[in-house]
Amino acid sequence: MPFARLASATTPTCHIGLGLAAVGRPGYINLGRDRDLGENRSAEALRTRTHDLLDAAYAQGVRYFDVARSYGRSEEFLADWLHARPDIDDVVVGSKWGYTYTAGWSTDADRHEVKDHGLATYERQRAETDALLGDRLDLYQIHSVTPDSPALTDKELHARLAESAAQGLTVGFSTSGPAQADAIRAALEVTVDGEPLFRTVQSTYNALETSAGAALAEAHDAGLTVIVKEGMANGRLAAPDAPDVLKAVAEETSLGCDAVALALILRRPWAGVVLSGAATVTQLGSNLHAPAVDLDADQLTRLATLVEDPRAYWERRGELPWH
């Protein structure tokens, strides 16, 4: 299992991964995107930016990189970076299938991605991913499983995923929405020939949205590697948009709001990898200070007041515009 390489790593940043959702396409829902990316969002500009981020992350001990078919050209950018650095053989690469990117490199498309968890989409997107990442792909995840997803009940799909697992590919899933906990628990019940199908779960968990916590602990206890996404709540927990409580705690630690927000997640014993979604090398460097943050009981109590009702959180997330 490729994640064993992460478990054996000893650098403080080995439990932080780099997700490329924000730099693989010109439009995304993160706050502050105009400030972070500027006006030049050509494919070549974002390719260069992605490679700079990957270089900086690798140099500072990051060993997990996360992409998806729907993250524009993120797989292509990562594949180019890997191809140009054949001596790098100690990274773990994860991608996701189930959403198709439809924006055509535009920031104002009517629809930026279309979801389909059917077997035909899996077969098509698996071939597309293989064409780019080939044997560098370690983990393939179903993208944004919800309790009503057909991917939880499609036995033919399960059989195909199990075939890939038997050939050495780790099979996982990600979740989204206010019922993440239900989706996680349902996925834990999926078996093929009596064996659990999924070996990883990637879910949203942050200072504002903690509803999946107990289910993620159960997944960890069941032997799955837990990957945490959206630790910065799409920029809502980063300066200058962070809540006052977070800003105050960050000032007390002499580190950034982002480092404190990610440190809060790293404290969870079930958190195997916490993703940075940095769009700039400066942001990445600040994110990577998270392991150095030491929060006391009073600070943790104050930060706990930030938790929102999950339905309200996801409703607000759904209203964020694509910049």
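Biologist: Helix 7 (residues 180–188) packs with helix 8 (residues 213–221) at an angle of about 20°, and their axes are 8 Å apart. How does helix 7 run relative to helix 8, roughly parallel or roughly antiparallel?

Modeller: Axes here are lines fitted to C-alpha atoms, for helices over the stretch in contact, and angles run from 0 to 180 degrees between N-to-C directions. Angles under 35 degrees count as roughly parallel, over 145 as roughly antiparallel, 65 to 115 as roughly perpendicular, and the rest as oblique. So helix 7 and helix 8 are roughly parallel.

Biologist: What kind of model are we looking at?

Modeller: Residues are numbered from 1 along each chain as its sequence is written, and side-chain values use heavy atoms, with hydrogens and water left out. Local features need pLDDT of at least 70, side-chain atom pairs count only at pLDDT 80 or more, and totals for chains, interfaces and linings use all residues; what we have is a predicted model.

Biologist: Back to the helix pair, then. Is the crossing of helix 7 and helix 8 left-handed or right-handed?

Modeller: Ala181, Ile184, Arg185 and Leu188 on helix 7 meet Ala214, Ala215, Leu216, Glu218 and Ala219 on helix 8, where contact means heavy atoms within 4.5 Å. A crossing is left-handed if the near helix is turned anticlockwise from the far one by less than a right angle, and right-handed if clockwise. For helix 7 and helix 8, the crossing is left-handed.

Biologist: Now the strands. In what order does the closed barrel run?

Modeller: Helices (H or I, at least four residues) and strands (E, at least two) are DSSP runs, numbered from the N terminus. Two strands pair if DSSP finds at least two bridges between them. The barrel has eight strands with parallel pairing, and its order is 1-2-3-6-7-10-11-12. From one strand to the next, the twist averages 25°.

Biologist: Which residue of strand 10 (residues 200–204) is the bridge partner of Ser174?

Modeller: Strand 7 and strand 10 run parallel and are joined by three bridges. One of the partners on the strand 10 side, facing Ser174, is Gln202.

Biologist: How many residues of strand 7 are buried?

Modeller: Buried means under 20% relative accessible area, exposed over 50%, partly exposed in between (1.4 Å probe, protein chains only). Thr175, which sits in strand 7, has a relative accessible area of 0%. Setting aside neighbours within four places in sequence, its contacts include Ser144, Ala183, Gln202 and Lys229. Strand 7 is mostly covered, and its buried residues number six of six.

Biologist: Which residue of strand 12 (residues 273–276) stands opposite Ile16?

Modeller: Strand 1 (residues 16–19) runs parallel to strand 12, joined by three bridges. On strand 12, Val273 and Leu275 point one way, Val274 and Ser276 the other, and all are buried. Ile16 stands opposite Val274.

Biologist: How far apart are the C-alpha atoms of Arg47 and Gly24?

Modeller: Arg47 is in helix 3 (residues 43–59) and counts as buried at 12% relative accessibility. Beyond four places in sequence, Arg47 touches Arg73, Glu76, Phe77 and Asp80. Gly24 is 23 residues away along the chain, yet the C-alpha separation is 7.6 Å.

Biologist: Is the peptide bond from Ala239 to Pro240 cis or trans?

Modeller: Pro240 is in the loop between strand 11 and helix 9 (244–253). Omega is near 10° for the bond from Ala239, and the bond is cis.

Biologist: What is the phi of Ser144, roughly?

Modeller: Ser144 lies in strand 6 and is buried, with a relative accessible area of 8%. Its phi is positive in a residue other than glycine, near 60°.
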